Amino acid sequence: MNNTITGTHIYKTTGICPIYLDAYINPERYSPVIVYIHGGALIWGSRKSINQTQLSLYLEAGFSVVSIDYRLAPETRLPEIVQDIKDALSWVKTDLCSIYGVCTDKLAVIGHSAGGYLALLSGTFDAIKPDAIVSFYGYGDITGKWYSEPSSFYCTMPIVSEEQALSCVGNHAVSEGSKDRFQYYLL
């Protein structure tokens, strides 16, 4: 099946930051919908990083897929990032149906790493709860020691100065970030 984007949409704008999603619509209009949330330690990544093999498998299995961006840390705090996920799900439930005629009665949320963490959080939302959640190596607890104390793996990497790390982030919200922002993670 062709993985051509059916449409790219702004599902939300906050300040000067438009937040996008890509819709891959299955021709079967009553297909269930997967909302894909990218990983990247909450500080980098993009809706464009969806694994093409997985996308093909989802579409061939009869799903429509919506891959979303969200505002990234550290410019944006976690509660606002979570609000972006809520707003994306709301957009899918209302606008996806009206634009493409897709039935959104069945909704799954899938994410990798930080996206897996956000997918798990979607199960706590009051207004829109997904029917299924798949978390690929998602965080379970971002307040745990595994996240707040130095990792032996990352301690083997070259030292990044505070100046280098801070040069990778800005002073306004962004919803797409290159892997260069990983330096901030190593700070």
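Select Lys 12 and Asp 87: their side chains meet in a salt bridge, with N to O at 2.6 Å. A salt bridge here is a side-chain nitrogen of Lys or Arg within 4 Å of a carboxyl oxygen of Asp or Glu. Lys 12 sits in strand β1 (residues 7-14) and Asp 87 in helix α2 (residues 78-100), so this pair links distant parts of the chain, 75 residues apart. Helices (H or I, at least four residues) and strands (E, at least two) are DSSP runs, numbered from the N terminus.

This is a predicted model, in which local features need pLDDT of at least 70 and side-chain atom pairs count only at pLDDT 80 or more, while totals for chains, interfaces and linings use all residues. Residues are numbered from 1 along each chain as its sequence is written, and side-chain values use heavy atoms, with hydrogens and water left out.

Is each partner buried or exposed, or in between? Buried means under 20% relative accessible area, exposed over 50%, and partly exposed in between (1.4 Å probe, protein chains only). Lys 12 is buried because its relative accessible area is 16%, and Asp 87 is partly exposed because its value is 23%.

Next, select Arg 47, Asp 22 and Asp 69. Arg 47 forms a salt bridge with Asp 22, the closest N and O atoms being 3.0 Å apart. Asp 22 lies in strand β2 (residues 17-24) and Arg 47 in the loop between β3 (33-37) and α1 (52-60), so the pair ties together parts 25 residues apart in sequence. Arg 47 also meets Asp 69 in a salt bridge of 2.6 Å, N to O. Asp 69 is in the loop between β4 (64-68) and α2, 22 residues from Arg 47. The whole count comes to 8 salt bridges.

Now select Tyr 117 and Tyr 139. The structure has 1 aromatic pair. Rings of Phe, Tyr and Trp (its six-membered ring) pair if their centres lie within 6.5 Å; planes under 30 degrees apart count as stacked, over 60 as edge-to-face and the rest as tilted. The ring centres of Tyr 117 and Tyr 139 are 5.9 Å apart and the planes are at 35 degrees, so the pair is tilted. Both Tyr 117 and Tyr 139 are buried.
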